[in-house]
Amino acid sequence: PPTFEYVNRGPANPCSLADPLTCKVTLIASFLAETSLKATGIDFLKSQNTREHHTDGYNVKNLAVRRGQPFQVQVSLNRELRAADKLTLHFTIGENPTKVRGSLMSLKPEKEQGFNGWKISVVKKNGKECLLSVTSSPSASVGKYTLNVKTGTNIYKPENGVIYLLFNPWCKDDAVFMDDEAQRKEYVLNDTGYIYVGSAYSIYDRPWNFGQFEEFILDACMYLLDKSKLSLANRRDPASVSRAMSALVNANDDSGVLMGNWSGNYSGGTSPMDWIGSVTILQKYYKTKKPVSYGQCWVFAGVLTTVMRCLGVPARCVSTFNSAHDTEENLRVDIYLNESGEKLNWMSLDSVWNFHVWNDVWMKRTDLPDGFDGWQAIDATPQEQSEGVFQCGPCPVKAVREGDVYLPYDGKFVYAEVNADKVYWIVKKVNGKDKYIRVSTETQDIGKNISTKAVGQNKREDITLQYKYPEGSKEERKSMERACSFIRPSGLAPRSGYASTVDERGMRRSTNKPMVLHETVTKTGLHLEITNTEALHPGNPLELAITVKTSTPGNWTIDLAGSCQLQYYTGKVQANLGTIKETINLEGKSEMQIPLKIAPDAYMKTLASVDDEVLILVTAIAEVKETNDKLTKETSMRFEYPPITVQMPEVAKLNNDFSCAFIFKNKLNVALENCKLLVEGLGIFKMTTFDQGDIMPGRIMKSEVICTPTRLGEKKIVAKLTSNQIKGISAEKAITIIE
């Protein structure tokens with residue numbers, strides 16, 4: 001620094017009364033303080049960075065970026081940056097950050113090498129402005145980082161210094177890298193979609209708003225990450241993160257997001273049927289930090305899709321029809337029937353759900369041998385504990401297909417969901433005791449029509465062949481044998497704790513080898529079909545039919561028993577509606593149709609008493625007297641409902657109001673009581689419920705809402721109508737918002 005000469009100019013000079021040496025030191029210190037480098041501000045260049053990182057959709061004030069990809073920040077300084085200056089960016093995560101633990105990244109532009117895989121460089125200097133490029137490690141811990149600027153001994157803490165760092169499917173070095181842009185748009189960026197429900201023979205879609213970019217959703221996901229207590233090392237790994245999120249989306253062990261309830265009584269909360277998206281659920285949870293009531297499998301899956309997409313992991317909802325819940329890991333579910341063919345749910349620990357919804361997430365499995373990258377099954381529905389916690393996965397879908405159920409995590413459980421065999425038992429009273437007679441075995445009925453939304457299209461894609469080889473093929477049986485080799489043997493005794501005898505001779509059977517069961521084949525070529533002969537409208541008689549067929553020469557006397565029951569989608573029977581018993585004679589290749597008719601009075605009261613959508617279960621048992629051949633068949637059917645019509649323009653302008661009308665005509669022969677219309681449109685209209693009262697037969701309901709679009713692009717309005725009698729009428733319509 002330059003030297004200063006002391007000049008005495010009289011009393012006006014501040015140094016006039018001081019020692020000249022003291023004055024000289026004071027002036028030098030003052031000059032140095034003025035010229036030491038200080039940061040005075042940071043521009044996070046949010047618009048540019050978020051557009052390049054595909055994070056411009058997030059409704060947050062702070063910057064959100066993806067790991068392994070450069071982003072720029074412009075630092076304002078009190079003077080021009082010189083070669084000798086020390087400028088450092090500090091990125092910290094978590095409490096008490098340190099370099100050793102990898103929670104403090106200290107980045108210096110003058111050093112060419114990175115720090116912990118992070119890199120920084122000077123893009124350009126322009127006077128007091130310095131443009132820096134930062135690239136985080138492609139395996140950095142995901143979460144909220146705080147950025148400070150250190151210049152010498154000065155530390156600048158910007159007002160919006162928190163940066164959200166997410167997984168990056170666009171980065172080749174990230175474990176969640178996905179090569180296909182259309183898939184990235186669907187599985188990461190699409191905030192609406194469908195969840196497929198119903199039964200294997202009657203699949204329909206439920207529109208669902210994932211809403212991963214909505215207000216507070218990213219903060220809710222960050223809160224879940226913190227609540228998971230994952231180490232920073234595990235936060236790098238999408239397998240660890242997805243497993244933790246599968247645990248936290250249910251409330252069973254950890255006061256997570258959703259409380260499950262399958263009781264049919266949802267007082268004190270929201271019925272699972274009344275949700276049309278994840279946004280309200282996650283916003284409420286983040287605000288209260290308490291579990292939200294209530295969820296069932298498709299709600300858990302919808303919310304988990306939102307969480308994973310929000311964090312940057314490609315995710316999809318997966319629906320499996322006739323999904324097995326195998327409680328003992330023996331790849332078999334036992335179904336008990338009485339002599340009328342009515343299912344006895346209370347006797348079995350196992351169950352077959354009409355449908356079950358879980359999730360697939362996309363990643364490289366660096367913790368597994370080669371060959372198991374790609375889609376991994378995870379499940380937030382609390383069914384069975386895994387490592388002492390209600391969590392499930394990630395289980396490689398390829399491992400399920402090949403029968404490699406020894407791999408982590410929860411391969412045996414997922415494999416059974418799509419591959420278990422069904423064994424039917426008739427329970428007869430003999431001398432006051434229950435006698436169990438095995439009727440038939442079905443090896444091809446579990447894991448049907450595995451479904452997800454197609455990429456870029458509003459239709460269902462069947463992904464069954466990703467999960468399993470074609471039923472009955474050599475590869476499929478080989479996979480089953482391989483899976484059985486890793487599963488403890490159990491023999492073919494019925495699972496019920498009530499069993500005292502197990503076959504026609506009353507002998508308990510066991511084996512030391514796992515059994516690969518085979519489809520029941522009859523000498524008579526006996527075959528059963530169950531159909532409805534009229535549309536299944538609530539309030540009308542249920543007109544059903546059981547067709548019995550034989551295909552081999554001979555005269556056959558067949559005892560037929562048939563039953564009709566109402567059941568939840570979990571397979572639990574809610575009500576017995578009626579039975580038939582007939583003896584018929586068939587000759588050679590022939591068939592006969594036996595009608596089964598149920599009056600409305602038999603089921604309407606039950607329909608109105610539960611807050612769930614129930615299905616019609618028809619079960620038939622046939623026994624050929626001459627050969628002792630036995631066969632059983634069951635089919636689940638869904639009631640059919642009138643539609644909702646949505647009327648609105650195809651195009652609207654940003655921030656300009658438009659009108660949207662919902663029209664419903666009650667074409668049923670029964671009044672619909674306590675009707676509610678639920679409406680939501682992301683970026684258009686917040687989730688709102690309209691009470692509609694009772695809608696009498698033939699009457700038309702029309703509701704109109706005024707919408708104000710706040711975001712550009714294609715948006716959807718989703719509507720759902722529920723009443724005491726019907727629960728599952730949904731509709732949606734798309735609109736394009738322009739400037």
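Biologist: Which strand does K150 lie in?
Modeller: In this predicted model, K150 lies in strand β8, residues 143–151.

Biologist: And why does K150 count as partly exposed?
Modeller: Its relative accessibility is 31%. Buried means under 20% and exposed means over 50%, with partly exposed in between, so K150 lands in that middle class.

Biologist: What does K150 gather with on the surface?
Modeller: With K86, K99 and K111, in a patch of positive charge.

Biologist: OK, salt bridges. What makes E214 and R711 one?
Modeller: Their side chains meet at 2.4 Å, N to O. The cut-off is within 4 Å, so the pair qualifies.

Biologist: Why do you say that pair ties parts together?
Modeller: E214 sits in the loop between β12 and α4, while R711 is in the loop between β36 and β37, so the bridge joins parts 497 residues apart in sequence.

Biologist: How do you know whether E214 is buried or exposed?
Modeller: Its relative accessible area is 13%; buried means under 20%, so E214 is buried.

Biologist: What about E634 and K422?
Modeller: Their closest N and O atoms are 3.2 Å apart, and that's a salt bridge too. E634 lies in strand β30 and K422 in strand β20, so this one ties together parts 212 residues apart in sequence.

Biologist: Which residues are linked in a network of salt bridges?
Modeller: K343, K422, D445 and E634.

Conventions: Residues are numbered from 1 along each chain as its sequence is written. This is a predicted model: local features need pLDDT of at least 70, side-chain atom pairs count only at pLDDT 80 or more; totals for chains, interfaces and linings use all residues. Side-chain values use heavy atoms; hydrogens and water are left out. Patches are made of residues with over 30% relative accessible area and no salt bridge: like charges are joined within 9 Å, nonpolar side chains (Val, Leu, Ile, Met, Phe, Trp, Tyr) within 5 Å. Accessible areas come from the Shrake-Rupley method with a 1.4 Å probe; for residues, only the protein chains shown count as cover. Lys and Arg count as positive and Asp and Glu as negative; His and the chain ends are not counted. The place of a charge is taken as NZ of Lys, CZ of Arg, CG of Asp or CD of Glu. Helices (H or I, at least four residues) and strands (E, at least two) are DSSP runs, numbered from the N terminus. Buried means under 20% relative accessible area, exposed over 50%, partly exposed in between (1.4 Å probe, protein chains only).
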